[in-house]
Every structure is written in C-alpha cells, then in structure tokens.
Amino acid sequence: MKIQIQDIGEFELSPNSPLKSILSEIKEKCQELPIAFKCNGEILDWHTPLNESLELTPLYSKDKEALLVLRHTAAHIIAQAVKELFPDAKLGIGPATEEGFFYDIYYPEPFKEEDLKKIEKQAKKIIKRRLEIQRRDVSKEEAYEIFSNLKEDFKLELLKEFEEDTVSIYSQGEFVDLCKGPHVLHTGLVKAIKVLSLAGAYWKGKEGNPMLWRIYGTAFFSKEDLQEYLNWLEEVKKRDHRRLGQTLELFSIEEDIGPGLVLWLPKGARVRRVIENFWIDEHYRRGYELVYTPHIALRKLWKISGHLDFYEENMFPPMELENRSYQIKPMNCPFHIYIYNQKRRSYRELPIRYCELGTVYRFERSGVLHGLLRVRGFTQDDAHIFCREDQLEEELTNVLDLVVYFLKVFGFKEYQIFVSTRPDKFVGSPEIWDKAESALKKALENKGLAYEIDPGEGVFYGPKIDLKIKDVIGRFWQCSTIQVDFNLPERFDIVYVGEDNKFYRPIMIHRALFGSMERFLGVLIENYAGAFPFWIAPVQLKVLPITDRVIDYAEEVARFFETRGFRVERDYRNEKLNYKIRVAQQEKVPYMLIIGDKEAENHLISVRTRTGEQINQISPEEFLTKITKENQPSFLLDESS
Ligand SMILES: [Zn+2]
Ligand SMILES: [Zn+2]
C-alpha cells in the first residue's frame, strides 16, 4: 500500500496499519512532524488503521484543523483528570469546538470553582506525563465489556446506538474512551490548556434526560496563543451587550414581564428611533412602500399560509374570542400579501415592494434565550417584494445593494455569505428553482460579493441567501436573510395580469436586512463596546458647567444644539468637573461641552471627546458645522472610502 504525503514523500504501509507504524521513516524525511493529516476533506490521525493507498496533506500546528485535533485530545485529558480526581464521575461526550472543547460529565453535584482549578492542575500533570495515545479497533461486544467494567453507563448507551460491528477505542495511560478520533500522538503536545467554565447540559441535549456538567475549556499549541485567546475573551466580556445594556440603560428584560420580552429603555429607544428613521427614509428612496399590520390574525390565515402545518411549534398558542380563533403573528408575510391583493395588479405595476418594521412573536425555548440575540418578541426590519420572473435578478441585486449599504453605514465591511439551494423536498418546478438559484448567484456576482453554497439547505419553498457580518473583534453574526418564495403566492393564489391579458403568478422575495431591531442592537452594542457612533448615540452632547455662575450660558448652549435636533443632556449638579467628565465617559457620550467663566464671557465652548481629546474654546457655530457632518448616517462611509 502506497501512502503519498504531500511535500514529504511516498511511503510503503502494510494494510490495516496506522501511519504511526512508519513514524520513524516519516520523521526522517520531514523537518516538522505533522500533527495529523487531511485526506479527501477529512482529518486523519496517526492512529487510524488504513486499508488503501492514499494521498495525504500534512497538518501542522499552524493549521486550524490541527488545532481541532489537539483540542479533542485536550478534552480527553480533562476527562482523564476528572476520573483521576473523581472516580465516580461518568463520562458523556467531549468534542472539540470552534474555540476549544467541552466534556459532558455526570456527577451527583456540580463541580465547585476550586474543583475546576484542581481539574486543570491535574490535566497539566497528565500533559507532563507525555502519555502516548493508543487506538484499538474492537468488536462491539468487547467494547461493551470494557465500558461495563468501567461503569460508563453513557458510553454503553452510545454503543447501543452504533450500527457498525467494530468500534474504535482511544486510550492514554489508564484512561479509555469510546471515540472516533482524531487525536495527536501524545498528551505532551498540548502545550497550553485551560478550564474555562461549567454549565449544566442535558444528556444528548434532551430535556428530561439526566443533567450532566459540561466543562468548557480550551487548548493551544503554545502558551502565547492561549494568552492571546484569553485577552480576546476579556474583550468579549467587556462587550457583553447584556451588561452594557444595563449600565448604559438601553434595554431590560424583566422576570415579571416574561423571558425573551424586551423593554427598550429611553436611551435604547433613541438609538432604535434613529436607526428606524434612517431605515424608513432609505426604503422610500429605493421604491418601497411602508405598511403597518396587526399583531394578531385569525387562525385560519395561518392555515392558508401553511404556518400551522410547518411552523406551529414556534408559534404562541391560539386565543379564543366570539367563537373564533386568533393567533399572534410569527411573521408578517401573509398581511403583505393581502395588501398586494387590494387590487388587480398589472405586469406594469411590478415590482411592488412593501416594507414594515413588523413586531412578531415566536416561541423560543427558554434554554436558548440570550439577551437581545435570541428573544420571543422582536421587530423584524421586514419587506416583501412581489415581482415577475424576469425581474428577479435585478430585484435581488437591489436588495443586496441596500443590505451592503446599510451594513457599511454601521461599519460592517466583511461578510460570510451562504446560498442555500434546493432541498430534497420542495415546491415549484425544478426549472424555476434553477432560475431562482442562478438569479441569486448572479445578483451576488453583480455586487462582487463572494459566497459559499450550502447545497440542499434551502427551505422547501425557495432558495435563500444568508449573510453574516464580522464585528471588530472578528466574530461573525447572522443578520440578513434574503429568501425567494414560490409557495406563498401559490397558497394565497395571488396573480398579476400579463401583457397578453392572462394571469401570472408573481414571485415573492422575503428579506430582513438587520434581521431584527433587537438582535441588531445587541450586535451593535458588542461591536462598538457601547460607544455608538455620533449619529446614533443616545446622548450626543453633554453640557458640563464648571460653576453655578455659568449655568445660564450653559443652558443657552444646550438649547442651541437641542433646537437643532441634537440629543443633549445636562449635568448641572454641584460636583467637581473631573467627576462629571468621568460619568459622561462611562456613559460613552461622544462630546462633553465644558463651560467655565472664560467660555461664558466670550460665548465659546470647550469640547472634550469620550476618548479624552480636547478642543479648546471654539464657537458653538463652528462646532455645529463639525457635528452636523458627523450626524449623517453616511459619515462613517465617507470617512473610510
Ligand atoms: Zn474522543
Ligand atoms: Zn416574509
């Protein structure tokens, strides 16, 4: 059997042996020993027995996929540490993740903070032992015996579900795990390991199953990489929108009101209002009509739309009134269809574009709710476009143009874009699907946007584009969705009259660009770390008189900017200036207008920014010119282009 390893050479391997059996030969030919290999898109380790000639790409510690291998080994090391310290613990599963790994472990009581420290310490000892990792492929019966002796009940349950006759077992020292791999060669390769946190997790994620303790951790090939990651985590913590939302008084979620239901506090409402105004103006400018629709509708509407067949588990239950059944809306689409249907539509009228900041309610399980990012009541920045088939590409291009414009205005310039194509079960003809998919791709190409295909991941009623935005610390957030729909026009039997006086079915495009106002605010808070750009800042200017003598003039200044539409706050308290400045900085107010005797005498102001820069003694009029420019949504665009 020939094994070809890229850039290293060709080796002879006897059948059913792992690469480890020719480790020394490979070692001789390479400068750096590969951590693992890649083969036909899959990661392969040194331990897995091979049965055919293969071409392999080596993975080194710099490769992201090598890190996954390392972290899976790190998960085993943590499990081993737990078993050494708490022999009665029972193991669930322990995969590598994007940022580290976890291991789900059953133990009668939660691990305390000091337990977690002990576990990390023990893990480091296991690393020092440089335990060689071994793999054995055994029959299911043998595996059953091994894990029965170890009293690993959860592993036994997993074994029952395996369809294969042989299973693989990885071990290091005394520690044995039922595992498909991949793993590194020995525990010593894990140069940095850290236990991060603990959370409860139901076995297999199912409520009603036993509760396990999920130990989260991370691991790296070097201590420096770990430190960099920990710094990044610190940064993430600082930006947590739930904490900032509270300290900046933007929003609140109250136990008595209900989980996932958001109160927008005055300052959060200001931010939202500015964004909404901008959103509405831009939609009018681009040929959309704004509409408003009710929050509930007869249950029968959701029958026609198909939501009761496909979506009921996500809907709040019905309400009975005068012998009729109503339901709160999870989506705005059916309403916009009835607005379309107010008249007979001609081909000349299309495309028709309705937009709405439509508040919807969906039943999300309490376990997945998270601040503003996953909620039960939210306002979509929704729109529905009704168009002819020949208009699809242009309409999609326009939507993309709008979404890119919006996102750039908020400083988001990097995206991950996915096109989801026809699934196995679908409505409409394959021809129309092909046309729509190619229209989506062409629209992306028209805008010069790179994308990936998610084959077969489209919803049954049409292909879609999902767009994730990258924030300033490199995290991606799902926001925009553009969905082509062949189904609802059919279900509601909407038509337009063609040039030949015959009836045709329009195509519908659903799209939300921010996703929802709640989610987008959450993302904005985290992206800006609460320091909103001037044009959306809830308080733009804060007037800080140094002494009571100048309050009259300070008030004059405040009114000067307030009457010109700026959001102004006053701090006339009898406090030290430094204290007032500190408060305004904590509130992340972009500009503090500082007024002392000199300023009052000469009708000037001194300005201090939240980052500590100072503009001394300028006239209010001159400052007005500066901030009027900054108050434009496009200000950041101009600055960066
Ligand atoms: Zn494993
Ligand atoms: Zn819709």
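This is a predicted model: local features need pLDDT of at least 70, side-chain atom pairs count only at pLDDT 80 or more; totals for chains, interfaces and linings use all residues.
Select α10 (307-310), β20 (377-387), β23 (464-470), β24 (476-485), α14 (487-491), β27 (507-516) and α15; each supplies at least two lining residues. Helices (H or I, at least four residues) and strands (E, at least two) are DSSP runs, numbered from the N terminus. A pocket is an open set of points on a 1 Å grid over the protein atoms alone, where a 1.4 Å probe fits, with protein on both sides within 12 Å along at least five of seven lines; lining residues have an atom within 4 Å of a point.

Now select Y311, M331, R362, Q380 and T481, which lie nearest the centre of this pocket. Its lining counts 37 residues, and its space is about 1,100 Å³.

Next, the largest pocket, with about 1,700 Å³ of space. Show E99, Y229, W232, L233 and V236, nearest its centre among 38 lining residues. Then colour α6 (223-238). This helix gives the most to the lining, nine residues.

Last stop: the zinc ion (ligand 1). Select H72 (NE2), H76 (NE2) and C179 (SG), which coordinate the zinc ion at 2.0 to 2.3 Å. Donors are N, O and S atoms within 2.8 Å of the metal (3.2 Å for Na, K and Ca); water is not among the atoms, so sites may look incomplete. H72 lies in helix α2 and C179 in the loop between β10 (175-178) and β11, so the pair ties together parts 107 residues apart in sequence.

Residues are numbered from 1 along each chain as its sequence is written, and chains are lettered from A and ligands numbered from 1 in the order written. Local features need pLDDT of at least 70, side-chain atom pairs count only at pLDDT 80 or more, and totals for chains, interfaces and linings use all residues; side-chain values use heavy atoms, leaving out hydrogens and water.

Notes
Grid points are joined across faces, edges and corners, and a volume is the space filled by probe spheres set on the points.
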